[in-house]
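Morning, everyone. Please look at the model on the screen while I talk.

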Amino acid sequence: MKSIFKNAILGAALLAGLSFYAQNYRDLDNYRQPDQRGVNVFEDPKDTISTFDGLNVRVGGSFALQFQALDHENSGAVPLKEIGSNFNLATANLDVDVALADGVRMHLRTYLSSRHHPEPYVKGGYFQIDKLDFISEGLLSDLMKHTTIRIGHMENNYGDAHFRRTDNAQAIYNPFVGNLIMDAFTTEIGAEVYYQCNSGLFGMVGFSNGKLNQDVQSSDGTTGGAAFLAKLGYDKQLNDDLRVRLSGSLYNTGFVKNNYLYTADRAGSRYYFVMEGVDATAKGNFRSGRFDPGFRNKITAVMINPFVKYQGLEFFGTIEMTNGRALTEADRRNTNQYAGELIYRFGQNENFYVGGRYNLVDAELASGDDVTIDRYQFGAGWFMTKNILLKAEYVNQNYNDYPVGQLEDGKFNGAMLEAVISF
């Protein structure tokens, strides 16, 4: 435990030192800011104005720490781990963004400390192209005014919820402490092409190899399958007071060796040990409070996300419809998720907010049982500066219609406090 905490402290010190060294070269082109300025930003902005003046390395990162005061219970058929109130493991990210050429940059994120992996490891990275001038000056310039290309082992752009979720220590975009119950997030090797119109219409198509863990091992004559991604939407600031966004996304596979769309967040859940058995460990049981439908080898997932912001009041919604199966199952099963967030931001530069979220999952398990999970979250936050956020949350989650077992009549509730630094 001492080595884990030491890694987090050393990581935070390294981030702070490197950030100080690079203060004069912090802003990059077509780049989502990692602080308060990045809140309610989805895809990276697309701008034809260039500030490139040679190789520019931007080193930044984030640090997060929570105090947890949660209780849990179930029917008693299977004993749960005894939990109390105290601090969770401090987490830290290291981000390196490099402007390599005019309209070309690289992003790399390393988890310095996380719940599942207390040792540092690379989350992923990508190569982003907003101009083709590195090939030939002016090449397809009219097309590239609206086009962005991403290639890498990267976070797939399925849905809009992943732009607001907590990514290990990068928690400044999330108005709450926890992510959604069914947390769509994965990193796979692939490519995505974006087209953003001045009218507010935008679209994306992409492909990936459908694999989180990369290898070349062949089984039954194949090394794996592939996934197709697509997104279509509209995002417009209609006037000084009103912004409207609506998007629809698709993630679809044929056969894949092991799909991780709802289990790939190795950084882990914020709710430590909830609904876990007596032998659970923080590292080994890192998905506490989440739900995985178990569509291991074939999956089709559709997510629709409305977003409306009028002055300081904003609504963000999630409607998700998925179906799939494992190879051991004869038929596909269905799982649906619904979530709605209502946030009110106020104060100078909207540095305070209060809000609530309701989240419901309705699923058919591989056993044939139909179950639901519902969660209420109420939160508040204070941006002390654009880089420092303090937030508090009350959460209540219930497991309904589960058969005899660990989750039968299960529920957890209580308070969470979180401090976030991101730069």
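Let me start with a definition: buried means under 20% relative accessible area, exposed means over 50%, and partly exposed is in between (1.4 Å probe, protein chains only). Next, the ground rules. This is a predicted model, where local features need pLDDT of at least 70 and side-chain atom pairs count only at pLDDT 80 or more, while totals for chains, interfaces and linings use all residues. Residues are numbered from 1 along each chain as its sequence is written, and side-chain values use heavy atoms, with hydrogens and water left out.

Take Phe352. Its place is in strand S14. Strands here are DSSP runs (E, at least two residues), numbered from the N terminus. Phe352 counts as partly exposed because its relative accessibility is 31%.

Now go inside. Asn305 is found in strand S11, residues 298-310. Is Asn305 buried or exposed? Its relative accessibility is 0%, so Asn305 counts as buried. The side chain of Asn305 reaches the backbone oxygen of Gly317 at 3.0 Å. Contact means heavy atoms within 4.5 Å. Ser249 is 56 residues from Asn305 in sequence, yet their C-alpha atoms are 8.5 Å apart in space.

Stay on S11 for Lys309. Lys309 counts as buried because its relative accessibility is 13%. A polar atom of the Lys309 side chain lies 2.5 Å from the backbone oxygen of Gln311. Beyond four places in sequence, Lys309 touches residues including Asn40, Asp241 and Glu350.

On to the cores. A nonpolar core is a set of buried Ala, Val, Leu, Ile, Met, Phe, Trp, Tyr and Cys residues joined through side-chain atoms within 4.5 Å. The largest has 39 residues, and Tyr158, Tyr262 and Phe412 are among those with the most contacts inside it. Which element gives the largest share of this core? S11 does, with four residues. Tyr262 is in contact with Tyr158, Phe291 and Ile299, among others. A second, separate core has ten residues, including Val39 and Phe176.

Last stop, the surface. A nonpolar patch there includes Val308, Phe352 and Trp382, and its residues together have about 920 Å² of accessible area. S13, strand 333-346, supplies the largest share of the patch, three residues. Patch residues have over 30% relative accessible area and no salt bridge, and nonpolar side chains (Val, Leu, Ile, Met, Phe, Trp, Tyr) are joined within 5 Å, like charges within 9 Å. A salt bridge is a side-chain nitrogen of Lys or Arg within 4 Å of a carboxyl oxygen of Asp or Glu. Accessible areas come from the Shrake-Rupley method with a 1.4 Å probe, and for residues only the protein chains shown count as cover.

Notes: A polar contact is a pair of N or O atoms within 3.5 Å; within protein, one must be able to donate a hydrogen and the other to accept it, and residues adjacent in sequence count only if both atoms are side-chain atoms.
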